[in-house]
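Here's a quick briefing to read alongside the structure. Keep the 3D view open and follow along.

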Amino acid sequence: MTVAPLAPYPATRLRRLRQADWSRRLVRESVLTPADLIWSMVVHEGEGRIPVASMPGVERLSVDDCVKAAVEARDLGIPAIAIFPYIDGARKDAAGSMAADPNGVICRAVRAMKDAAPEVGIMCDVALDPFTDHGHDGIIENGDIANDPTIERLVEQALVQTRAGCDILAPSDMMDGRIGIIRAALESEGFQNTLIMSYAAKYASAFYGPYRDAIGSGKLGTLGPSDKKTYQQDPANSDEALREVALDIAEGADMVMVKPGMPYLDIVQRVVQEFSMPTFAFQVSGEYAMIMAAAQNGWIDEQRAILESLGAFKRAGCAGVITYFAPRAARMLGA
Ligand code: PBG
């Protein structure tokens with residue numbers, strides 16, 4: 001898009017349109033509403049709410065509290081919830097076997113939330129890391145994450161989640177080829193309407209730190225590499241993100257995601273412009289923690305920073321944003 005030739009000052013004074021609230025609202029280019037939010041939520045296997053130290057305001061919820069949250073989401077006009085599990089360390093293993101347990105905490109939470117608030121879309125992460133004792137998103141062979149054996153487990157996990165009522169599968173593992181294989185498995189089981197939002201451009205980022213705390217992730221490096229750089233993308237790359245997105249769309253993704261969010265808005269904008277697909281960004285745990293830490297020190301205005309950060313995703317062209325701030329933002333937006 002080109003900018004029209006502007007009459008020189010003083011004929012053009014850009015401040016004229018900024019002079020009042022009514023004129024600013026009239027020419028506003030993007031708007032954030034509760035319908036843009038996907039509420040990121042952690043469920044645990046026990047009772048009660050457990051605060052996450054590195055994410056002030058975020059708690060691990062019991063299945064019962066997830067149900068209450070789903071009803072709250074509906075009442076706030078939040079269209080969807082993305083749910084992540086905290087699994088007791090004793091039940092993790094190297095293969096992430098619990099990922100495909102039809103009675104695991106994710107499946108139980110999905111069934112209960114869909115019963116109580118069927119109007120709210122439920123999104124499940126397809127990845128093994130909450131279930132592996134080594135913390136990697138896949139099965140380890142010869143010291144690295146084995147792509148194709150991992151996909152076999154992801155397909156089982158995806159089908160179990162879908163049978164429990166999951167509306168959106170969100171593979172976050174970054175294995176090559178998994179979208180097409182999951183899509184084929186869904187079709188062959190008659191699940192034509194299950195949506196896939198692929199974590200298409202997911203970077204090997206430091207900003208996931210608090211999440212690993214929130215879900216009690218295994219410590220990387222005990223078995224396999226000490227980081228996720230052989231499957232998650234190099235933060236220095238941009239063209240590579242377009243290749244990742246192109247492949248996932250060609251394999252049957254309905255929506256694509258860029259993750260993390262704010263440090264990668266350039267990627268969001270390129271993906272939106274290149275593909276015109278519903279594109280989402282994940283405002284990840286570290287982004288949440290930074291805003292909260294600064295706010296709690298009195299260094300930034302918490303409410304304004306939350307809404308400004310979320311609005312940035314809309315300005316960049318996102319259809320919506322996955323965020324731990326969803327219920328608070330929805331309330332601030334006057335839901
Ligand atoms: C797991 C997964 C991660 C997040 C979502 N799914 C962590 C990782 O890839 O290491 C991060 C979410 C957040 O930081 O809020 N595959």
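**A ligand and its surroundings**

In this predicted model, a polar side-chain atom of R212 lies 2.4 Å from an oxygen atom of the ligand, which makes a polar contact (a pair of N or O atoms within 3.5 Å; within protein, one must be able to donate a hydrogen and the other to accept it, and residues adjacent in sequence count only if both atoms are side-chain atoms). Taken alone, the ligand exposes 400 Å², and the protein buries 100% of that; such areas come from the Shrake-Rupley method with a 1.4 Å probe.

Some ground rules: because the model is predicted, local features need pLDDT of at least 70 and side-chain atom pairs count only at pLDDT 80 or more, while totals for chains, interfaces and linings use all residues.

- The ligand is surrounded by 19 residues, and the closest are D137, K202, R212, K259 and Y324; to be near, a residue needs a heavy atom within 4 Å.
- Sort that shell by type and you get nine nonpolar, three polar and seven charged residues. Here Ala, Val, Leu, Ile, Met, Phe, Trp, Tyr, Cys and Pro count as nonpolar, Asp, Glu, Lys and Arg as charged, and the others, Gly among them, as polar.
- Strand β9 (195-202) and helix α6 (209-214) each supply at least two shell residues. Helices (H or I, at least four residues) and strands (E, at least two) are DSSP runs, numbered from the N terminus.
- Two nitrogen atoms to look for: one has a polar side-chain atom of D129 3.3 Å away, and a polar side-chain atom of K259 lies 3.4 Å from a nitrogen atom of the ligand.

**Aromatic rings**

- Searching the whole structure turns up seven aromatic pairs, meaning rings of Phe, Tyr and Trp (its six-membered ring) with centres within 6.5 Å; planes under 30 degrees apart count as stacked, over 60 as edge-to-face and the rest as tilted.
- The ring centres of F282 and Y324 are 6.2 Å apart and their planes sit at 45 degrees, so this pair is tilted.
- F282 is in strand β11 (residues 279-283) and Y324 is in the loop between β12 (320-323) and α11 (326-332), so the pair ties together parts 42 residues apart in sequence.

- Y9 and P10 are joined by a cis peptide bond with omega about 15 degrees, and P10 lies in the segment before α1 (21-26).
- Another cis peptide bond runs from K259 to P260, with omega near -5 degrees; P260 is in the loop between β10 (255-259) and α8 (265-275).
- N142 isn't a glycine, but its phi is positive, near 50 degrees. You'll find N142 in the loop between β6 (140-141) and β7 (144-145).

Notes. Residues numbered from 1 in each chain as written. Heavy atoms only, no water.
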